[in-house]
Amino acid sequence: MTVFGKFSRRHFGKLAGLSALGLGAHPSRAAAAAAADGAAPASFPKDFVWGTATSSYQIEGAVNEDGRGRSIWDVFSHTPGKIEDNTTGDVANDHYHRYREDIGLIRDIGAKAYRFSIAWPRVFPDGAGKSNPKGLDFYDRLIDELLRQGIVPYATLYHWDLPQALEDRVGGWRSSETAKVFGDYAAHVAARITDRVSSIFTINEAGRFVTFGYGLGVDAPGLKLPDAEVNQVRHNVALAHGLAVQAIRAQGRPGTRVGVAENIATCVPAFDTPENVRAAETATRELNAGFLGVILEGKYTEGFLRYAGKDAPKFTDQELKIISTPTDFTGLNIYAPQFYIAASDQPPGWSMLPFPNSFPHMNSEWLRVGPETIYWAPRLAAKVWNVENIYISENGTSSEDKVHPDGKIYDLDRIMYLRNYLRQLQRATAEGVPVRGYFLWSLMDNFEWIFGYGKRFGLYHVDFETQRRTAKLSVAFYRDVVARNAIGV
Ligand code: BG6
């Protein structure tokens, strides 16, 4: 027996205390553990990027201005019964006209980065062919104003507003033609903005819009396709991502960085044992094999192909090469734990545990509370795919956000959520998980897709009658985190 063999767990606790002297347990792990458990201030790495995020259809409005074509969300939101409160994004936050004021809101937080999306139908009203000369003018103005106010722009090329013309002409993402013209669109945008924008996200949350838009019929375009077609749609979207990466490399300024923003299927070890962690690693790889996996590995896993069987997507080696064109970073949108994973004696060696009905959630029912998700998702992604630069491209929560009689909005539940998630994110960075930045969803309340204006995710409250923006209490919370680059006191 070694001398350490005699130590009990309590002794290990003491031993960890020696880390302050540079002895004993791994110092950063011990500091991270202390910070995660208590209230001690915990710093993020130097140069950590703090930002907020939005998307075009959710905030811009101005749907008929300056030559913009229709998107699938225009058509979908105008279809009776699709949006809970029967609203549309026609006006939304009127950001198209109020962008200066809105950028001022970001500056007031002190955040130095802003992730926005470009509306494809503004740039190519028919999806392809002739570009709209005024299409990128708005984004030029936006980017210039961001830079003027000292905020670094991060652009997303696709946040779900597919040109309706493509849906009508070729069946939208059902056709690889859409992937091809997405590459052309990416080339066009890159040639215009990469003198000022050096980070571009290709596609936002394929995992969500493919399943909900093409499989379950809940999101635009509202299709309920059989599994084989849904898998083909996902493959076409992955191909579009790869073509866009290549187009940006070809047309963008050298040094332009590009990556995807994906709602990774989040797997959390049911509790922390080495066996459960290994099981969560395997589950992360398998449950993300259809999109993130093929992008980062250049192949579909055997498990994925076996499970899909005759419904597996059709693909060529050449397509897999394009899809897995190396990227510079990986964006992970992280809101909730989707799967709690335990090791299992049965194949495939892991199992998903059922959620009890009493599992807590935020104001959106789907948004279960699991702060450790933002620790495990990047840690497991870094381990499974060896990715070197991770951004949390979205994280945040809805809250009821009623204006109090004194005119203020006390969103204490959002602060509770953020405080706990950011603690866990800090724990990840302290342990060396390569997370480089964080974009809080969202800068302001907006059109929340099928929930219309009924769910509020903003740091700023928006009165949609008057377009008045009011800082919620969480603005003060986030401003403090950003200013100190730390969580806790
Ligand atoms: C993310 C999307 O999945 O979740 C955002 O990228 C969206 O666009 C956010 O606003 C909240 O989703 P939902 O479905 O509650 O509106």
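Modeller: What follows starts at the ligand and then turns to the protein chain. This is a predicted model, in which local features need pLDDT of at least 70 and side-chain atom pairs count only at pLDDT 80 or more, while totals for chains, interfaces and linings use all residues. Residues are numbered from 1 along each chain as its sequence is written, and side-chain values use heavy atoms, with hydrogens and water left out.

The ligand is surrounded by 14 residues, each with a heavy atom within 4 Å of it, and the closest are Gln58, His159, Glu205, Glu394 and Glu448. By class, this shell holds seven nonpolar, three polar and four charged residues, where Ala, Val, Leu, Ile, Met, Phe, Trp, Tyr, Cys and Pro count as nonpolar, Asp, Glu, Lys and Arg as charged, and the others, Gly among them, as polar.

Polar contacts are pairs of N or O atoms within 3.5 Å. An oxygen atom of the ligand lies 2.3 Å from a side-chain N or O atom of Glu448; for His159 the corresponding value is 2.8 Å, and for Trp449 it is 3.0 Å. Taken alone the ligand exposes 390 Å², and the protein buries 98% of that, with areas from the Shrake-Rupley method and a 1.4 Å probe.

As for the protein chain, buried residues (under 20% relative accessible area, 1.4 Å probe, protein chains only) make up 57% of its 489 residues. The C-alpha atoms of the chain fill a box of roughly 75 × 60 × 50 Å along the principal axes.

Definitions and conventions: A polar contact is a pair of N or O atoms within 3.5 Å; within protein, one must be able to donate a hydrogen and the other to accept it, and residues adjacent in sequence count only if both atoms are side-chain atoms. Buried means under 20% relative accessible area, exposed over 50%, partly exposed in between (1.4 Å probe, protein chains only).
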